[in-house]
Amino acid sequence: MKYFTTHRMTAIVVLIVAAAWVLTGKFSSVGSEAAAQDEAPAAAEAPAVVRRTVAAVAPIYTQYAREIRLSGVTEADKQAVLAARSSGIVAKLGAQQGQDVSSDTLILQLEGDEVIAGVETAKAALAQAKEKLSIGETLFKKGSLAEFELTSRRAAASAAEGALAQAEAALDRLQLKAPFAGTVDSVAVEIGESVQSGAPIATLLALDPIVIKAEVSERDVGFVSTGSRAMVRLVNGVEMEGIIRHVAMQASPVTRTFAVEVALPNADRKIPSGMTAEVRLYADKQEAVFVPRSIITISDTGDLGLRVVGGDNIADFAKVSILDDGEQGLVVTGVPKDKLVIVAGQDLVSNGDLVEVKEMTVAEAAKALK
């Protein structure tokens, strides 16, 4: 019983001590004190902002004329298939195949004795009518001829003049002459052959200048203008400079391309019609920068551009337009002049990021990007 009483007294004492501890609130501050001790060093050791290092170069601007390459073919400046103007027998050929002729050169003469005789008859009739009219006018002035008779003689003279004109026109149609200076490319008839009116006789080509005909896309037609220069490389390796003489104002409904004509000097007529040619046209010069293809990036809105950085070391995005894709890289416009172009690390930074900039020369950048 005494043992039970002793243990009971001990439990009561422990209970009283524990109650006193709870009332003091000390247990609630143990975690806080520990947390304070843990947080104090963390606050004192707040990490610094991490800056990414990027490599950048100063852009070099140049005046660039974009080259537009087209495939074309040579054609004669003028081409005509000369046709017989009347029916008859070929009496004479005034030019042979391959011969250079001037304008109005006789190409063909048909037989026509009856036509020639008709001209002589018409001339005689006209002379007689004029003689009668002259006598009649003299008699009319003397009062010896009626006015009606004088009018009749005038009408006869006019009719004779018309008949002579018709006879001479028929004689003229027996001849075929070159309408322009050129080269006779082919002759389709022989002397003594019978031909009908409208039958093809010869093909005449004007080869100076020679014309290169090509097609330019609707994307590039705005950069092509009449009077601009063009470089032409023929399939035989000959290179020449020509002038754009025509740009079509209406596109082909099938290909949506525009016809372009380039004139080349061909005084010796060594360039034939129908030869394949490569045409290089040049757009107006624009201020541009050569950049590596690998540094082109796309913005959140889908625009093509570059990462750039200014003097404040803040990364930014610059929208650019690609003019050309050359051996030295892409040719672009729109690069700001007051900023460097990031050539390494551009994919690791975003607009507004503070960066460490390692500036390089263009040569160093080109070597590093290989």
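Is G72 buried or exposed? G72 is buried, with a relative accessible area of 9%. Buried here means under 20% relative accessible area, exposed over 50%, and partly exposed in between, with a 1.4 Å probe and protein chains only.

Before going on, the basis. This is a predicted model, in which local features need pLDDT of at least 70 and side-chain atom pairs count only at pLDDT 80 or more, while totals for chains, interfaces and linings use all residues. Residues are numbered from 1 along each chain as its sequence is written, and side-chain values use heavy atoms, with hydrogens and water left out.

Confidence next. The pLDDT is the predictor's confidence in each residue, from 0 to 100. Its mean over the chain is 85, and 86% of the residues reach 70 or more. Helices (H or I, at least four residues) and strands (E, at least two) are DSSP runs, numbered from the N terminus.

Leaving aside neighbours within four places in sequence, G72 contacts I212, K213, A214, M275, T276 and A277. From G72 to E278 the C-alpha distance is 6.0 Å, although the two are 206 residues apart in sequence.

Now the interior. A nonpolar core is a set of buried Ala, Val, Leu, Ile, Met, Phe, Trp, Tyr and Cys residues joined through side-chain atoms within 4.5 Å. The largest one has 26 residues, and V232, I244, V262, V279 and L281 touch the most other members. Two or more residues each come from β3, β10 (200-217), β11 (229-234), β12 (239-247), β13 and β14 (276-282). Strand β10 gives the largest share, 6 residues. Beyond four places in sequence, the contacts of V232 include I212, V262, A277 and V279. Another core, of 21 residues, lies apart from this one; V90, L108, A178 and I201 are among its members.

Last, the surface. I298, L304 and I322 make a nonpolar patch of about 250 Å². I322, in strand β19 (residues 321-326), is partly exposed at 36% relative accessible area. Patch residues have over 30% relative accessible area and no salt bridge, with like charges joined within 9 Å and nonpolar side chains (Val, Leu, Ile, Met, Phe, Trp, Tyr) within 5 Å. A salt bridge is a side-chain nitrogen of Lys or Arg within 4 Å of a carboxyl oxygen of Asp or Glu. Accessible areas come from the Shrake-Rupley method with a 1.4 Å probe, and for residues only the protein chains shown count as cover.

Terms used. Contact means heavy atoms within 4.5 Å.
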